[in-house]
Amino acid sequence: MSILIDKNTKVITQGMRGIVFGTIATLIAFSSPALAEAEEESPNLVPAFAKTCLMPGVAHSDRIAALAADETWETQESVSYDLIGLQPSRAIGSKPKFKHYTDAAQWDGEIDGRKASFLLLTFREKSRFRHACVLLVEGLRNAMPYGSDLKTAFKAFGAGGKSVDLVHYYEFAGTLKPGKHPVEAKQKVHGEIFSRSQAGTMKETTHIYVAY
């Protein structure tokens, strides 16, 4: 089931002439009791991602320095994930071309007892998106329990909800403006969580990232 979310958190169902209004929670409750009762398996997932990747006004180089100085995250000599595997998702908007990265660094640690990794990427100079901050976590069943908190975190960063494909995918998009962020001109933002990521070796690998 694919749906779009407007800025007022209303629901627009693709492939229908009419517009179905309501909250995501209402839609979920009526569509499937199992979805409505989805449990949050990793309560610290969104706070960890927001702290590292969504702090407004932080330059990409500062994120690298912060992770390098954080003893809970271990710097890796090389990237162990398939970065091209970050490409497949269910996005309806523009997203980065991960095969065009020019630099990548990885830090490993744990979030709520699950293996987790942060990746910081830089893309080609003429790319639509110049940088990406990625969090990969293993063993999460689906993305739905984190959609609401991620929407709040992305809104503070400058991106709103764009689309949802229950239960594994949420997409965010927006524009960064000079002054609030260290950019010289307006910069597009794409973000997503996908609990069927192809970047890891496990079936249940989830990626969350913001590209800007």
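Analyst: The chain, which is a predicted model, has five helices and ten strands. Of its 212 residues, 45% count as buried, and the chain exposes about 10800 Å², of which carbon and sulfur atoms supply 51%.

User: Why is Asn-142 called buried?

Analyst: Asn-142 has a relative accessible area of 18%, and buried means under 20%, so Asn-142 is counted as buried. Asn-142 is found in the loop between S6 and H5, and, when residues up to four places away in sequence are not counted, Asn-142 touches Glu-41, Val-167, His-168 and Ser-195.

User: Why is Val-46 called buried, and what is Val-46 in contact with?

Analyst: The relative accessible area of Val-46 is 6%, and the limit for buried is under 20%, so Val-46 is classed as buried. Val-46 is found in helix H3 and, leaving aside neighbours within four places in sequence, is in contact with Tyr-146, Asp-149 and Leu-150. The C-alpha atoms of Val-46 and Gly-147 are separated by 9.3 Å, although these residues are 101 residues apart along the chain.

User: Which share of the contacts in the chain joins residues at least 24 apart?

Analyst: Among contacts between residues at least 6 apart in sequence, 58% join residues at least 24 apart.

User: How do you know that the buried residues of H4 line one face of the helix?

Analyst: In helix H4, residues 60-69, the residues His-60, Arg-63 and Leu-67 are buried. Seen down the axis of H4, its buried residues fall within an arc of 55°, so they line one face of the helix. In general, an α-helix has 3.6 residues a turn, so residues three or four places apart point the same way.

User: What covers the buried residues of H4, and which exposed residues does the face turned away from its buried side carry?

Analyst: The cover over the buried residues of H4 includes helix H3 (45-53), helix H5 (147-157), and the strands S4 (101-111), S5 (114-123) and S6 (131-138). The face of H4 turned away from its buried side carries Ala-68 and Ala-69, which are exposed.

Note on methods: Residues numbered from 1 in each chain as written. Predicted model: local features only at pLDDT ≥ 70, side-chain atom pairs only at ≥ 80, totals over all residues. Heavy atoms only, no water. Buried < 20%, exposed > 50% of the residue type's maximum accessible area, 1.4 Å probe, protein only. Helix = DSSP H or I, 4+ residues; strand = E, 2+ residues; numbered from the N terminus. Arc of directions from axis to C-beta. Contact = heavy atoms within 4.5 Å. Areas by Shrake-Rupley, 256 points an atom, 1.4 Å probe, with all protein chains shown as cover.
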